[in-house]
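Reader: Could you walk me through reading a helix and its aromatic contacts?
Author: Gladly; let's have the model in view.

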Amino acid sequence: RMTGKSDMAISVAGVDWLVYWSGANRKIHGVGIAFRKSKFLEIEEVRQINSRLMAIDFKIAGNKIRAVSCYAPTETGYSLGYKQEFYREAGKLGTVEIDAHRKVMFMGDFNSTCSFLNTHSHFLGTNLEDMGEYTANENGNCFIDFCAQNKVAVLGTCFKHKLIHRQSWHSADKKTKKAYDH
């Protein structure tokens with residue numbers, strides 16, 4: 001894990017990358033974005049806000065994009081006020097000083113559970129099946145509010161799987177299982 005705010009160019013297996021990060025000083029958490037070098041890529045501005053948020057404005061093949069890398073506070077150990085402040089700051093990155101032709105992408109780990117997105121999505125294709133009753137943790141509710149307030153569409157992959165393969169987290173008691181969405 002990298003600390004502080006910085007960037008570097010690296011080469012992995014003959015492929016050149018630009019790596020930007022913003023991390024805590026104690027290697028607890030951080031965010032980053034990596035771009036494969038290309039003649040079509042133009043980095044315009046890098047905003048390393050804190051160890052949980054950063055944004056990069058770039059052009060690729062003439063398209064203007066802002067990529068926002070997020071790492072939301074975990075469910076336990078943080079107050080609701082702290083979590084709401086994180087989402088306020090993230091929302092500013094998606095709306096402040098954005099020209100009409102720039103697309104915004106939020107990506108990262110929102111530490112949320114919210115089955116609401118599976119059953120009340122704007123995409124109601126045949127691959128989406130009811131995952132059961134509505135469940136959301138506190139982070140899930142913050143995430144849902146953030147999406148609604150900022151008019152953010154949630155994208156993900158939806159594949160038809162057996163129920164046993166839909167859960168991505170299994171507790172030590174071997175009874176509690178969850179499908180962590182976002």
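Reader: How many residues has helix H3, and how far does helix H3 reach from its first C-alpha to its last?
Author: This is a predicted model, where local features need pLDDT of at least 70, side-chain atom pairs count only at pLDDT 80 or more, and totals for chains, interfaces and linings use all residues. Residues are numbered from 1 along each chain as its sequence is written, and side-chain values use heavy atoms, with hydrogens and water left out. Helices are DSSP runs of H or I with at least four residues, strands runs of E with at least two, numbered from the N terminus. H3 covers residues 138-149, which is 12 residues, and reaches 17 Å, close to the 16 Å expected at 1.5 Å a residue (1.5 Å times one less than the number of residues).

Reader: Why does Phe146 count as buried?
Author: Buried means under 20% relative accessible area, with a 1.4 Å probe and protein chains only. Phe146 counts as buried because its relative accessibility is 3%.

Reader: How is a pair of aromatic rings described?
Author: By the distance of the centres and the angle of the planes. Rings of Phe, Tyr and Trp (its six-membered ring) pair if their centres lie within 6.5 Å; planes under 30 degrees apart are stacked, over 60 edge-to-face, and the rest tilted. The structure holds eight such pairs. One of them, Tyr87 with Phe146, is tilted, at 5.4 Å centre to centre and 50° between the planes. Tyr87 lies in helix H1 (residues 80-95) and Phe146 in H3, so this pair ties together parts 59 residues apart in sequence. Phe106 and Phe146 pair edge-to-face, at 5.1 Å and 90°.

Definitions and conventions. Buried < 20%, exposed > 50% of the residue type's maximum accessible area, 1.4 Å probe, protein only.
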